[in-house]
Amino acid sequence: MTSNAIKLGIVGVGKIVRDQHLPAIAKDGNYQLIAAASRHGKVDGIANYPNIEAMLAAEPGLEAVSLCMPPQFRYDAARTALEAKKHVFLEKPPGATVSEVEHLKALAEKNGVSLFASWHSRYAPAVEAARAFLASTRLTSAAINWKEDVRRWHPNQEWIWEPGGFGVFDPGINALSIATHILPPMFITSAVLDFPENRSAPVAAHVAFRTSNGLPVTMELDWLQTGPQSWDILAETDKGKMVLSGGGAKLAVDGNIIHDEPEAEYPMLYKRFAEIVRAGASDVDLAPLQHVADAFMLGKRNVVEAFFD
Ligand code: NAP
């Protein structure tokens, strides 16, 4: 740990905190994790509090917090932290609405602290290589195929099916965080969202975009994919067919693998957060969230078979 390590608290101790945040923080000398706040979850070896208000009151030395609860409950915690002049790391998606995150941006600026809207998939190993490849080619069309088994990845997560949980757009926004980083600006032209008759969020989505220069981009999201899972972005270009697969892990052009490295998304996110905290900056890109909002705004609702975990 460095002598000026950022004193960090973590809020909403659940799956992603255990799987990714705690291991990444433990290996990063930029941080000293001193407290956690969660109604049920606990982190061994540090002080634990039932909520963020209790944590902030008891730990005046805290400098930053990572907010990892579901998106519907993030705004109030973020506002409390920013008004207490703490730097804030937001898990993805950064909020349940675009305007609440806009307000958090303004609050961070007003209070002189950093706000980070993290998009972990943007830090997948082959994403920068895909961006560089596409910058050097002429794009003709692109297709996003994000198909996974919700029962395997999100078993019994009720919040994800509630309004503001985004349903299949919870993984889909990861695809959009990559697409908005590597493709030209694009806009939704039509969408069909499949809602199970007993749920408030979609289980599948079929979305068409056009880029600012008129090229077609499609996005197919499916949460009932059993067998092989696909998290792929395909692009037809004048230099061949690009396939960015494995959620951004592997890049191939015309079948030749040109980039394949082990993933280190969360270590990279924490490195970036320390960078912006030390630079006195914020990093809040709302483009992926805006596309999800647009899909819900423009999308036709199609009612499909009930879903049970
Ligand atoms: P989770 O385990 O269901 O939720 C995280 C924790 O948030 C829960 O354990 C719960 O802890 C707390 N929480 C739940 N409802 C709450 C409420 N109403 N008010 C306050 N706290 C509440 O979910 P997760 O999978 O970790 O996902 C959390 C966030 O990370 C989501 O935005 C998700 O999109 C993102 N994410 C998840 C994954 C993944 O693979 N799971 C990957 C990347 C990003 P307490 O009961 O102890 O309060």
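Predicted model: local features only at pLDDT ≥ 70, side-chain atom pairs only at ≥ 80, totals over all residues.

Visitor: Is threonine 237 buried or exposed?

Guide: Threonine 237 counts as buried, because its relative accessibility is 10% and the cut-off for buried is under 20%.

Visitor: And what does the side chain of threonine 237 reach?

Guide: The side chain reaches the backbone oxygen of glycine 240, at 2.7 Å. A polar atom of the threonine 237 side chain also lies 2.9 Å from the backbone nitrogen of lysine 239.

Visitor: Which residues is threonine 237 in contact with, leaving aside neighbours within four places in sequence?

Guide: With those neighbours set aside, the contacts of threonine 237 are Phe133, Leu134, Thr137, Arg138, Leu139 and Thr140. Take arginine 138 as one case: 99 residues separate it from threonine 237 in sequence, yet the C-alpha atoms are 5.4 Å apart in space.

Visitor: Nice. Let's switch to the ligand. Which residues come nearest to the ligand?

Guide: There are 23 residues around the ligand, and the nearest of them are Ser38, His40, Gly41, Lys92 and Asp170.

Visitor: How far is the side chain of serine 38 from an oxygen atom of the ligand?

Guide: An N or O atom in the serine 38 side chain is 2.6 Å from a ligand oxygen. For histidine 40, a side-chain N or O atom is likewise 2.6 Å from an oxygen atom of the ligand. Arginine 39 has a polar side-chain atom 2.8 Å from a ligand oxygen.

Visitor: How much of the ligand's accessible area does the protein cover?

Guide: On its own the ligand has 870 Å² of accessible area, and the protein covers 81% of that. The space that the ligand takes up is the largest pocket.

Visitor: Lys92 was on your list. What is the peptide bond from lysine 92 to proline 93 like?

Guide: That bond is cis, with omega near -15°. Proline 93 itself lies in the loop that runs between strand S5 (87-90) and helix H4 (98-111). As background, most peptide bonds are trans, and most residues other than glycine have a negative phi.

Visitor: Speaking of phi, which residue has a positive phi of about 55° although it is not a glycine?

Guide: That would be asparagine 156. Asparagine 156 is in the loop between helix H6 (150-153) and H7. Phenylalanine 166 has a positive phi too, of about 80°, and is not a glycine either. Its place is also in the loop between H6 and H7.

Visitor: Why does asparagine 156 count as exposed?

Guide: Asparagine 156 counts as exposed because its relative accessibility is 58%, and exposed means over 50%. Phenylalanine 166, at 7% relative accessibility, counts as buried.

Visitor: What about serine 177, where is that one found?

Guide: Serine 177 is in helix H7, residues 169-182. Serine 177 is buried, with a relative accessible area of 0%. Not counting residues up to four places away in sequence, it touches Trp119, Ser121, Arg122 and Pro288.

Visitor: One more serine. Where is the place of serine 114?

Guide: Serine 114 is in the loop between H4 and strand S6 (115-117). Serine 114 is buried as well, at 1% relative accessible area. Its side chain reaches the backbone oxygen of isoleucine 276 at 3.3 Å. Beyond its neighbours within four places in sequence, serine 114 has contacts that include His87, Val88, Ile276 and Val277.

Visitor: And how far apart are serine 114 and methionine 242 in space?

Guide: They are 36 Å apart, C-alpha to C-alpha, with a separation of 128 residues in sequence.

Conventions:
Residues numbered from 1 in each chain as written. Heavy atoms only, no water. Buried < 20%, exposed > 50% of the residue type's maximum accessible area, 1.4 Å probe, protein only. Polar contact = N/O pair within 3.5 Å; in protein donor to acceptor, adjacent residues only side chain to side chain. Contact = heavy atoms within 4.5 Å. Helix = DSSP H or I, 4+ residues; strand = E, 2+ residues; numbered from the N terminus. Near = heavy atom within 4 Å. Areas by Shrake-Rupley, 256 points an atom, 1.4 Å probe, with all protein chains shown as cover. 1 Å grid on protein atoms, 1.4 Å probe; cavity = no way out; pocket = protein on both sides within 12 Å on 5 of 7 lines; lining within 4 Å. Sits in = over half its atoms within 2 Å of the grid points.
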